[in-house]
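Here's a quick briefing to read alongside the structure. Have the 3D view open and follow along.

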Amino acid sequence: MEKSLKARAVELLSRREYSRRELQQRLKPHAENPEEIEAVLTELAERHWQSDERFAGQFAEIKGRRWGSRRLTQALREKGVDKDTIAGAIESHDDLAVACDVWQRKFGSLPQTQQEKAKQMRFLAARGFPMDVISKVLSGSALDDFAGDDGADD
């Protein structure tokens, strides 16, 4: 027997949070028309079984341990979350602290050459950290606050 759209959606949501757009894409192959999907998604949202705010908060919490605010924003945008919801989800994200932690785990020591510096800059930029944060991390000024003596007390 074929599962209903609502049953499929509830089954998906029982495993993890989904944005409305993600759920819509997952249900599309099983629906006869888009209105049917919209009706199910509206009902799920009204019952608070699906929430873009909850999804964005959880996503930012998990991915925010490794990513900067720019990458988080882009990823949430791609998942169909609106600007205001994204802003609310990442408002407490501390780019500097996360960048220091990510940099410390990957490199652990300040760059000695321009080539090393460029490599470390690319690494942090690819993870969505703003240039001013990258500069603070690689200058060593931010590391005093987070790692203590540039990690020299190992």
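Gln-50 is buried, since its relative accessible area is 5% and anything under 20% counts as buried. Keep in mind that this is a predicted model.

**Around Gln-50**

- You'll find Gln-50 in the loop that runs between α3 (34–46) and α4 (52–63).
- Its side chain makes a polar contact of 3.0 Å with the side chain of Asp-52.
- Leaving aside residues up to four places away in sequence, Gln-50 touches Leu-13, Tyr-18, Ser-19, Arg-20, Leu-23, Leu-44 and Ala-45.

**Helices α1 and α2**

- Helix α1 (residues 5–15) packs against helix α2 (residues 20–27) at an angle of about 130°, and their axes are 10 Å apart.
- That angle makes α1 and α2 oblique to each other, and the crossing is right-handed.
- On the α1 side, the contact uses Leu-5, Arg-8, Ala-9, Leu-12 and Leu-13, while α2 brings Leu-23, Arg-26 and Leu-27.
- Sorted by class, this contact has six nonpolar residues, two charged ones and no polar ones.

**Helices α8 and α9**

- Helix α8 (residues 114–126) and helix α9 (residues 131–139) pack at about 135°, with axes 10 Å apart.
- α8 and α9 are oblique to each other too, and α8 passes α9 in a right-handed crossing.
- Here Lys-117, Gln-120, Met-121, Leu-124 and Ala-125 of α8 meet Met-131, Ile-134, Val-137 and Leu-138 of α9.
- This contact splits into seven nonpolar residues, one polar and one charged.

Key
Residues are numbered from 1 along each chain as its sequence is written. This is a predicted model: local features need pLDDT of at least 70, side-chain atom pairs count only at pLDDT 80 or more; totals for chains, interfaces and linings use all residues. Side-chain values use heavy atoms; hydrogens and water are left out. Helices (H or I, at least four residues) and strands (E, at least two) are DSSP runs, numbered from the N terminus. Buried means under 20% relative accessible area, exposed over 50%, partly exposed in between (1.4 Å probe, protein chains only). A polar contact is a pair of N or O atoms within 3.5 Å; within protein, one must be able to donate a hydrogen and the other to accept it, and residues adjacent in sequence count only if both atoms are side-chain atoms. Contact means heavy atoms within 4.5 Å. Axes are lines fitted to C-alpha atoms, for helices over the stretch in contact, and angles run from 0 to 180 degrees between N-to-C directions. Angles under 35 degrees count as roughly parallel, over 145 as roughly antiparallel, 65 to 115 as roughly perpendicular and the rest as oblique. A crossing is left-handed if the near helix is turned anticlockwise from the far one by less than a right angle, and right-handed if clockwise. Ala, Val, Leu, Ile, Met, Phe, Trp, Tyr, Cys and Pro count as nonpolar, Asp, Glu, Lys and Arg as charged, and the others, Gly among them, as polar.
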